[in-house]
Structure formats: structure tokens, C-alpha cells
Amino acid sequence: AADYLMSALVPASGGGEIGYIDGHMIPYWSKSVPMHKGKITMLGRIMPGSNAVVAHNEDGHALYVEYYPPDMHMSHMIIEYCEKIVAMTGITVFVIDREINSVPMARAFKSREWGLLSMLDRNEYKALSDWTTKFEGNLDDGSNVYSGEWNPPRPDDPRSFVIVEQEDGKLLPFWGTPEIRRKFSPMKWAELYSQR
């Protein structure tokens, strides 16, 4: 039904510049029997049920919702999902969580000239020295912000990185396709991602 409701869901002024996409697991329920399935349990709740993939723009307006089986990984449907958003709204810049984090996904978005901002998984890096970095500045909380590329270089990886080094030494490595790098200052990447 979302295809037919787009004119009502998206403001007349357009869909904005950025599409924020997230998956939300919706459980099935039973009447009284606790069903312990998955990491989250509650009386009567059976996890998982279905996966609602929801997109909204930077103003919080709904752009598109589609339901998928709970065992479908987002990387298997996200290109087709984003194509629908591009066709309906003209938005070509997306912020999506780590579920889609991969070099092939970055290549797929780059080949379409779409912007994609996401984060690296913790097992993909060890220290700030994993990148050649340039200091960009400090966030309001005092965190250091660096931009960088892999060290040593990985020519087959189209991602650029912004690494936020928090005061406790924890690293938050964001990555973006060339379109993200072109449109947004490295100092904005963490804020853009947090709006997801």
C-alpha cells in the first residue's frame, strides 16, 4: 500500500535530501504461553515476527515502509528498496546502520552515484593506525575527528572514513561513498549518522 500512499506521506515540497533507513523487528504474540525464541523474550512474545524496513527524511517524515521476513538480511533487499525511494522522491543519499556494512554494498551504491553513510563493525579495525588520518577538529563533547583512508591502501574499497576518537579512546569509524564525501564535511558525519 505504501506505493499508493506516497503522495500523502511525502510533503509537497519533496522528500528532502537524505533518506534514513532502519529495520524494526515486530514480534508475533501468543495468548498466554511464553515462547523463548531469540535473544528477547517476554510472556506471549515470539521473536522474531516480521521485519519492517522504514525510511524517513531529515525532517522525520515517513518516506517508505515495506515488510520482509525476519530472516531476510537487509543487504539482500536494500538496493531494490532504495531504488523505490529514488524513483518516488529523488533522494539519492542514504544513512543506514551496520547491517549493510560491506565493500560490495559500497560499490553498489557508488555505481549508482548514490551516497551511503554507515559504520564499520568492531572486528574490522584495531586502532587509529589502521587508517592514514588527517585531523579535522573536535566535536562539542571534546572528541577528536579524523578523516582517512585505509593504511595500507585498499584500491578495491571505495569507502572513505571519518573516525571519531572519544575521550576514553573508543573509536567510532564511519564510512561513506564518494557522494557522501562530496556533499558533507567530515565534521558532520557523526551527527548525520546519529539522526538515524
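The questions below ask how terms are assigned in this predicted model.

In this predicted model, local features need pLDDT of at least 70, side-chain atom pairs count only at pLDDT 80 or more, and totals for chains, interfaces and linings use all residues. Residues are numbered from 1 along each chain as its sequence is written, and side-chain values use heavy atoms, with hydrogens and water left out.

Q: What makes a run of residues count as a helix or strand, and how many are there?
A: Helices are DSSP runs of H or I with at least four residues; strands are runs of E with at least two, numbered from the N terminus. The protein has 5 helices and 9 strands. Their order along the sequence is α-β-β-β-α-β-α-β-β-β-β-β-α-α.

Q: Why is Tyr146 called buried, and what is Phe135 called?
A: Buried means under 20% relative accessible area, exposed over 50%, and partly exposed in between (1.4 Å probe, protein chains only). Tyr146 has 14% relative accessibility, so Tyr146 counts as buried. Phe135 has 43%, so Phe135 counts as partly exposed. Across the 196 residues of the protein, 43% count as buried.

Q: What makes Phe135 and Tyr146 an edge-to-face pair?
A: Rings of Phe, Tyr and Trp (its six-membered ring) pair if their centres lie within 6.5 Å; planes under 30 degrees apart count as stacked, over 60 as edge-to-face and the rest as tilted. Here the centres are 5.6 Å apart and the planes stand at 65 degrees, so the pair is edge-to-face. Phe135 lies in strand S6 (residues 131–138) and Tyr146 in strand S7 (residues 144–150), so the pair ties together parts 11 residues apart in sequence.

Q: How many aromatic pairs does this rule give, and why is the one of Tyr125 and Trp131 tilted?
A: The count comes to 10. For Tyr125 and Trp131 the angle between the planes is 45 degrees, at 5.6 Å centre to centre, so the pair is tilted. Both residues are buried. Ring pairs also link Tyr125 and Trp131 with Trp150 and Phe161 in a cluster.

Q: How do you know that Arg154 sits over the ring of Trp150?
A: The rule asks for NZ of Lys or CZ of Arg within 6 Å of the ring centre and within 35 degrees of the ring normal. The charged end of Arg154 is 3.6 Å from the centre of the Trp150 ring. Arg159 lies over the face of Trp175, at 5.2 Å from the ring centre.

Q: What makes a set of residues a nonpolar core, and how many residues has the largest?
A: A core is a set of buried Ala, Val, Leu, Ile, Met, Phe, Trp, Tyr and Cys residues joined through side-chain atoms within 4.5 Å. The largest has 31 residues; Ile21, Ile78 and Phe109 are among those with the most contacts inside it. Helix H2 (78–89) is one of the elements giving two or more residues to this core. H2 gives the most, with 5 residues. Apart from it lies another core, of 17 residues, including Val145 and Ile180.

Q: Why is S9 called largely enclosed?
A: 6 of the 6 residues of S9 are buried, so S9 is largely enclosed by the rest of the structure. Leu171, Pro173 and Trp175 point one way, and Leu172, Phe174 and Gly176 the other.

Q: How do you know that S8 and S9 pair?
A: Two strands pair if DSSP finds at least two bridges between them. S8 and S9 have 6, in the antiparallel sense, so they pair. Val164 stands opposite Leu172 in S9. Strand S5 (residues 115–119) also pairs with S9 in the antiparallel sense, over 3 bridges. There, Leu117 stands opposite Gly176.
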